[in-house]
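Here are some friendly notes to read with the model open beside you.

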Amino acid sequence: MSDRRSTEIRVGIADSWAVGLGLIPLGLAFGVVLTQGGFDWWWAPIFSTVIYAGSMEFLAVGLIGAVTPFASLAAATLLINFRHVFYGLSFPLRVIRSRIGRVYSVYALTDESYAIVAPKPHAELTGTRILTVQVLCQAVWVVSGTVGALIGAALPAGLSGLEFALTALCTVLAIDAFRINRDLPAPAIAFVCGSVALVLAKDVMLPVALGLFVLALIVRYIYRNRVSRA
């Protein structure tokens, strides 16, 4: 390994270690939720390798456990992770020269890796540095999830409240986002979409609510652009 590559690996670790530490408690919670949901502990690394989408992994535990139809599961996955399409528009994938590295980078593009890499000047980035960030984030997530699953397997069955971990996280993130942007219509629209989906399609509330919310945001965006141009 060349000195330059070693240096880039160290820089990538320095970029991502703080975020990696933040993934540990959430990964532990996911592992416990998984085994408490009736899955064996070894499903944790499978989920975190095949799915590798934190929020969707939490939701998949309940959706799969409830034998949700595949179409509904696929629709929920698409809507929840659709934001990654927009991440790809500004993620410096072209910096990675290896074809295998590019394929892995697309697969491992998460909120955390995007938040670490995208804001940095692209001229300072290398493929080794970017891949180090993504590999480290996934390694921490897989290991912490597996450890959490082993802990969950040793705990008494039927513990309640742990499944609320993701809901609590999303609630905190939503509150923080509102404090920064003060965009009252957004949470109001989300509430209306969720209420409509609950009344009209209770069994498939999540994909219906997310679909309505995405549609409403698109309509709002078009309307605001037209008003600004008028």
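1. Let's start with S144, which sits in helix α8. Please keep in mind throughout that this is a predicted model. S144 has a relative accessible area of 5%, so with the cut-off for buried set at under 20%, S144 counts as buried. Its side chain reaches the backbone oxygen of V140 at 2.7 Å. Leaving aside residues up to four places away in sequence, S144 touches L23, I24, G27 and L28.

2. Helix α8 covers residues 127-154, and W141 belongs to it. W141 pairs with F30 in a stacked arrangement, with 5.9 Å from centre to centre and 25° between the planes. This pair links distant parts of the chain: F30 lies in helix α1 (residues 3-36), and the two partners are 111 residues apart. Are these two residues buried or exposed? Both F30 and W141 are buried.

3. A second aromatic pair worth a look is F39 with F47. The geometry here is edge-to-face, at 5.5 Å centre to centre and with 75° between the planes. F39 has a relative accessible area of 16%, and F47 has one of 5%. Buried means under 20%, so F39 is buried and F47 is buried as well.

4. How many aromatic pairs does a search of the whole structure find? The search finds nine. The residues of both pairs described above belong to one aromatic cluster, made up of F30, F39, W42, W43, F47, F58 and W141.

5. Next, have a look at P45, in helix α2. Its relative accessibility is 23%, so P45 counts as partly exposed. Not counting residues up to four places away in sequence, P45 touches V142 and T146.

6. Y52 deserves a glance at its backbone. Its phi is near 45°, a positive value in a residue other than glycine. Where is Y52 found? Y52 lies in the loop between α2 (43-50) and α3 (54-65). With a relative accessible area of 7%, Y52 is buried.

7. Helix α10 runs over residues 185-200 and has 16 residues. From its first C-alpha to its last, α10 reaches 22 Å, close to the 22 Å expected at 1.5 Å a residue. Its buried residues are A186, C193, G194 and A197. These cover an arc of only 100° around the axis, so they lie on the same side of α10. The buried residues of α10 pack against α11 (205-229). Which exposed residues does the face turned away from the buried side carry? That face carries F191 and V199.

8. A last point concerns the cysteines. A disulfide is a covalent bond between the sulfur atoms of two cysteines. The structure holds zero disulfides. Two cysteines to look up are C137, which is buried with a relative accessible area of 1%, and C193, which is buried with a relative accessible area of 9%.

Note on methods
Residues are numbered from 1 along each chain as its sequence is written. This is a predicted model: local features need pLDDT of at least 70, side-chain atom pairs count only at pLDDT 80 or more; totals for chains, interfaces and linings use all residues. Side-chain values use heavy atoms; hydrogens and water are left out. Rings of Phe, Tyr and Trp (its six-membered ring) pair if their centres lie within 6.5 Å; planes under 30 degrees apart count as stacked, over 60 as edge-to-face and the rest as tilted. Helices (H or I, at least four residues) and strands (E, at least two) are DSSP runs, numbered from the N terminus. Buried means under 20% relative accessible area, exposed over 50%, partly exposed in between (1.4 Å probe, protein chains only). The expected span of a helix is 1.5 Å times one less than its number of residues. The arc is that of the directions from the helix axis to the C-beta atoms. Contact means heavy atoms within 4.5 Å. A disulfide is a pair of cysteine sulfur atoms within 2.5 Å. A polar contact is a pair of N or O atoms within 3.5 Å; within protein, one must be able to donate a hydrogen and the other to accept it, and residues adjacent in sequence count only if both atoms are side-chain atoms.
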